[in-house]
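Trainee: I would like to go through the charged pairs. Can we take them one by one?

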Amino acid sequence: MKSGDLPRGKNSATGFEGAKISINHELLKDGPNARRPLIQDIMIHTLGNSVIQRKDFSKWSRWYQEDGNTQIFRLFKDEENVRNSRGLAARIEAFSEFKWKKGDGWQEWVATYTIIKPHNCSIFQAKNPINDWSVMINMNKNGDVNLNHRRGEDKRLASNMTGKPFHIRIRENGHDYEVYFNGKLEGAGSYDRPKGETGFRWGMYLGAKPVTHDAMILVTGAAINPKDSGELLVDEPEPDPKPSPEPEPGIPIPLRSWKNYNGETIRAEARFQAGSDVIKLKVRGQWVPYPLTELSDSDRKELAKAMEVLPD
């Protein structure tokens, strides 16, 4: 602020850069969101500008960076909102223009969090700009993670999570919501929002609290409405709950990794019938049809070479 490079009372167009952070990806290689590509269709909200497009992210590297498929969110001691007259309200959050209202069906958000420097704040919001948030995920200065209901009693999801990756999944339909922590349903609720639309926001938001010390979190593999729901990207196949009653028709393909056009991976055995436009993958004991057009080019070529039946 003393330098004058970040103006007070208006949205800055110049931003403010910070030291580059490099992620040890080896420590984040496991889990349901580890291999999902970096989310692209987002904007960020910082202390100095509330709507920053991707092309300008690099100007704001003091607070937000990306490395691989991990987002890096930082706040520093004594910082506060300066873009308008609202006091405190420090935040660095990512969000999408994708929004919905009651009646539009269930929407989903998934990601893996790693707390590096914990602070009292919200790290996720299902946010309606008119009727306000319906559900939050919060952390505190001890690295505890809490489910914050708009209505109803809050719940401690985990304690002392600094440096320990954990997986969050939120389902929201503009009225009801469900919260999953490490794959387990931990809470659900509802909040009436007769006006406006709801969207997902994630990062760090302090509201009326001061930033008493430096804070940092990582968010890996974040996605809105992913096709895999963050549950199929695994290194090893899930054990079959029971064998299939009859052999699945088609040419058997042994257990291997398949990749789609987004670079997402699933490890499964398969069956393929000549002339079909789908390949069937065995997922959790069930044969699931998967369109050939959604496979990666390399997988389609390998399949065509092996079967000599696929069209160009």
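What follows is a short exchange on salt bridges in this predicted model.

Trainee: How many salt bridges does the structure hold?
Mentor: Count pairs of a Lys or Arg side-chain nitrogen within 4 Å of an Asp or Glu carboxyl oxygen. For this structure the total is 19.

Trainee: How many residues apart in sequence are Arg201 and Glu93?
Mentor: Their side chains meet in a salt bridge, 3.5 Å from N to O. Arg201 sits in strand 13 (residues 199–205) and Glu93 in strand 4 (residues 91–95), so the pair ties together parts whose separation in sequence is 108 residues.

Trainee: Is Glu93 buried or exposed?
Mentor: The cut-off for buried is under 20% relative accessible area. Glu93 has a relative accessible area of 0%, so Glu93 is buried.

Trainee: Which residue forms a salt bridge with Asp104?
Mentor: Asp104 is partly exposed, at 39% relative accessibility. The closest N and O atoms of the pair are 4.0 Å apart, and the partner is Lys101.

Trainee: How far apart are the closest N and O atoms of Lys127 and Asp132?
Mentor: Lys127 is partly exposed at 25% relative accessibility. Asp132 is partly exposed at 27%. The two form a salt bridge, and the closest N and O atoms are apart by 3.1 Å.

Key. Residues numbered from 1 in each chain as written. Predicted model: local features only at pLDDT ≥ 70, side-chain atom pairs only at ≥ 80, totals over all residues. Heavy atoms only, no water. Helix = DSSP H or I, 4+ residues; strand = E, 2+ residues; numbered from the N terminus. Buried < 20%, exposed > 50% of the residue type's maximum accessible area, 1.4 Å probe, protein only.
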